[in-house]
Amino acid sequence: MKKIGAMLKPKLVIVFLFIFVLILLLQMGFFVAHEIWKIESEWNIFQYCLSIIDENTMGHLVVKFLFNLLILYTTGRIAWRICKQFYLSVKWSRIFQNRKHRKLTKKLNYKYRDWNVKFIVVRDESFIALTMGFLRPRIVVSTEVLASFSPSEIQVILQHERYHCTHYDPLKIFLSTMMVDGLGYVPIIKNFHHYYKTWKELMADRFVIKKMGTEYDLGIVLLKLSEMNKLSRPMIGIPFADTAFNYRMLQFLHPEVPVNVPVLQFRPVMISFFVLVMMSIVVLGGCS
C-alpha cells in the first residue's frame, strides 16, 4: 500500500498542476477572445469582473490593464520557454549527430533491441547520459560512460534512462517546466514541479533496482558520480546526474526508510497565498 501511494502521489501532483494551469489558460483565452472578437462566455472570471464594473470608471481601466498585463506576461514566458527549448533541442541534436560514434551506436542498439528504445553514442570525454526527445525519446550516452564504468554499472545507467524513455518523461518534464516559467508569480507551482521531478528520479532508480535485482551497482554509480568534479549537463532532456541526487543517495543508503520529499514548503506557500490574496483584492475591489 505504501509503495502504491508513493507512486500515485507524484501522478496526482502533476495532474493537479496540469488541470490548474489548463483552466487558468482557458480563462485567459476566453478573455482575449472576448476582447478581440467580442465572444461572450458565461464561464470567464476575467470577463465577468469587468462586466460588472462601470466602463467609465478608473477601476475598470486598472483591472483591465492588470488582466492584460498578466496574460501578456504568462503567454510571453510560455512562448519564450518553447522557443528556447526548440533552439536547444536543435542545437544539441546537431552536436550529438556530429559527434556520433556510429559503430558503438549500432552495437548498443542491437544489444538492447528488445527494449524498443533508440540509443546514440557520442564521442565525448565527459559524463553524458540523458534521455531526450518528446514523442520519440532516445538515450544519449558518451564514450566516456562506456569506457569508465563496468558492464553492470553501464546497465544501471541505461536502465535508469530506459525508464524515462518508456514513460515519456522528457515531454512531461518540459510541460511542467513550461508551466513554472509561465506562472512564476505563483511559487507553489515551482514546488510541485520540483516534487514531481524528484520522484521521477526516485522511481527510475527503483526501476533499476527491480531490473538489476540489487541496489549495489546503483549505489556504486551514484558514489562515483558524487566524486566527479565535472559533469556535462546539456540544457535538454533528463540527465542521469541532475535532479534529486541527495534523495537518491538517501534511498540507496536507507532503502528500508520511506523517502520524505516535501510537496509544500512554508515560504512558497505563504508567497503564493499572498499573491492570490492581492489578486483577489484587486479583482474584488474593482468588482465592488
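In the hairpin formed by β2 and β3, 5 residues lie between the strands, and G133 takes a positive phi near 110°. The structure is a predicted model, in which local features need pLDDT of at least 70 and side-chain atom pairs count only at pLDDT 80 or more, while totals for chains, interfaces and linings use all residues. Residues are numbered from 1 along each chain as its sequence is written, and side-chain values use heavy atoms, with hydrogens and water left out. R136 is also placed in the loop between β2 and β3. At 72% relative accessibility, R136 counts as exposed (buried means under 20% relative accessible area, exposed over 50%, and partly exposed in between, with a 1.4 Å probe and protein chains only). The C-alpha atoms of R136 and L171 are separated by 9.7 Å, and the two residues are 35 apart along the chain.

Two strands are taken to pair if DSSP finds at least two bridges between them. Within this pairing, A129 has V141 in β3 as its bridge partner. Strand β3 also pairs with β1 (residues 118–122), here in the parallel sense and over 5 bridges. The bridge partner of I120 in β3 is V140. Strand β3 (residues 138–142) is mostly covered, with 4 of its 5 residues buried.

Over the whole chain there are 11 helices and 4 strands; helices (H or I, at least four residues) and strands (E, at least two) are DSSP runs, numbered from the N terminus. Of the 288 residues, 44% count as buried. The accessible surface of the chain comes to about 16800 Å², and carbon and sulfur atoms hold 64% of this area. Accessible areas come from the Shrake-Rupley method with a 1.4 Å probe, and for residues only the protein chains shown count as cover. Among contacts (heavy atoms within 4.5 Å) between residues at least 6 apart in sequence, 64% join residues at least 24 apart.

The largest nonpolar core has 30 residues, of which L17, M28, Y185, I189, W199 and V261 touch the most other members. Such a core is a set of buried Ala, Val, Leu, Ile, Met, Phe, Trp, Tyr and Cys residues joined through side-chain atoms within 4.5 Å. At least two residues of the largest core are supplied by each of α1 (2–37), α3, α7 and α8. Helix α8 gives the largest share, 9 residues. Another core, of 26 residues, lies apart from this one and includes V121, F127, V141 and F252. In soluble globular proteins, nonpolar side chains tend to be buried together.

A search of the whole structure finds 7 salt bridges, each defined as a side-chain nitrogen of Lys or Arg within 4 Å of a carboxyl oxygen of Asp or Glu. One of them joins R77 to D181, with the closest N and O atoms 3.8 Å apart. R77 lies in helix α3 and D181 in helix α7 (residues 169–182), so this pair ties together parts that are 104 residues apart in sequence. R77 is partly exposed, at a relative accessible area of 30%, whereas D181 counts as buried at 10%. R77, R81 and D181 are linked in a network of salt bridges.

A salt bridge also forms between K224 and E153, whose closest N and O atoms are 2.8 Å apart. This pair links distant parts of the chain, with K224 in helix α9 (residues 216–227) and E153 in helix α6 (residues 151–166), 71 residues apart. K224 counts as partly exposed at 31% relative accessibility, and E153 is buried at 7%. The side chains of R248 and E201 likewise meet in a salt bridge, at 3.6 Å from N to O. R248 belongs to helix α10 (residues 245–253) and E201 to helix α8 (residues 187–212), 47 residues apart. Both R248 and E201 are buried.

M58 is placed in helix α3 (residues 58–98) and is exposed, with a relative accessible area of 59%.
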